[in-house]
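Trainee: I would like to learn how to read a strand and its surroundings, step by step. Could you guide me through it once the structure is on the screen?

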Amino acid sequence: MRTKPVCDPRSIFFDSIAAEWDARQDRPDLARDLDACLAQFGLKENEVVLDVGCGTGNLTVALLRRLGPAGRVMAIDISDQMLARAKGKVSDARVTWRHASADRLPAADEEIDRVLCFSVWPHLENPAAAVTEFYRVLRPGGFLHIWHLISRDKVNRIHQEADPAVQHDRLAPVGETASLLKKNRFSMIAMADDETRYSITGRKEELSS
Ligand SMILES: C[S@@+](CC[C@H](N)C(=O)[O-])C[C@H]1O[C@@H](n2cnc3c(N)ncnc32)[C@H](O)[C@@H]1O
């Protein structure tokens, strides 16, 4: 199901690199590292999780390892080719694949327990609109994680040398990203910005009675 045509020019670029995306990952222990992150986040087995910018589905696979039979993943991406690779890799009824952008999510209000933005945040065309959407689809008390398994400097260096479509995609300092989340009524749970990772966890505030 397509929610709306995605006009982001990055989709053409990501389509063009989908076939080689997995081979480009110079991280032999990616699966183990993702498992460790999900454990650290405290992901429970019956959650409904949104995988934003799922790419070829590497995080989706890790999520399925951790979720139980009642758990669900909605995996979205603006690149048809990335989604095609992911679908080829993962055949599991717990996953719903959607061609959609983070700033217009194909999810109902408060349907999601946890939003995961893994290695996608700097590419979002409209991060403010995406945060508004994350807030809308998360249940009160739900979590938002924005993270990379490399430092902010390294992410930005990689993009600087990349294709013009993503050359200007910059990862902001962790405090700046946290401010955007706070402005949108997320509480800050954890922040890290060091040589090995960039990671922010926010929580949608519970409604006070
Ligand atoms: C750097 S890749 C990372 C893919 C995957 N998360 C991984 O780590 O292997 C970024 C992905 O985000 C997708 N993407 C970019 N902008 C997006 C947006 N606004 N909404 C949803 N997905 C987006 C791209 O198509 C691409 O597949």
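Mentor: Let us begin with one facing pair in this predicted model: Ile112 stands opposite Leu138, a residue of strand 5. Strand 4 and strand 5 (residues 138-148) run parallel and are joined by 6 bridges, and the chain passes from strand 4 through helix 6 (residues 127-137) to reach strand 5, a β-α-β crossover that is right-handed.

Trainee: Which strand pairs with strand 4 over 4 bridges, and in which sense?

Mentor: That is strand 1 (residues 48-52), which pairs with strand 4 in the parallel sense; within this pairing, Leu50 has Val115 of strand 4 as its bridge partner.

Trainee: How should I think about the side chains along a strand, and is strand 4 buried or exposed?

Mentor: In a regular strand, the side chains alternate between the two faces of the sheet. Here, 7 of the 7 residues of strand 4 (residues 112-118) are buried, so the strand is largely enclosed by the rest of the structure.

Trainee: Which residues have the most contacts inside the largest nonpolar core?

Mentor: They are Leu50 and Val115, in a core of 51 residues. If we leave aside neighbours within four places in sequence, Val115 is in contact with Leu50, Val52, Phe134, Leu138 and Leu144.

Trainee: Which residues come nearest to the ligand?

Mentor: Of the 23 residues around the ligand, those are Phe14, Gly53, Gly55, Ser79 and Ser119. Helix 1 (10-17), helix 4 (58-66) and strand 2 (72-77) are the elements that each give two or more residues to this shell, whose classes are 11 nonpolar, 8 polar and 4 charged residues.

Methods. Residues are numbered from 1 along each chain as its sequence is written. This is a predicted model: local features need pLDDT of at least 70, side-chain atom pairs count only at pLDDT 80 or more; totals for chains, interfaces and linings use all residues. A residue is near a molecule or strand if its C-beta atom, placed from the backbone, lies within 6 Å of it. Ala, Val, Leu, Ile, Met, Phe, Trp, Tyr, Cys and Pro count as nonpolar, Asp, Glu, Lys and Arg as charged, and the others, Gly among them, as polar. A nonpolar core is a set of buried Ala, Val, Leu, Ile, Met, Phe, Trp, Tyr and Cys residues joined through C-beta atoms within 7 Å. A residue is buried if 20 or more other C-beta atoms lie within 10 Å of its own, exposed if 12 or fewer, and partly exposed in between; C-beta atoms are placed from the backbone. Two residues are in contact if their C-beta atoms, placed from the backbone, lie within 7 Å. Two strands pair if DSSP finds at least two bridges between them. A crossover is right-handed if, with the strands pointing away from the viewer, the path from the first strand over the helix to the second runs clockwise.
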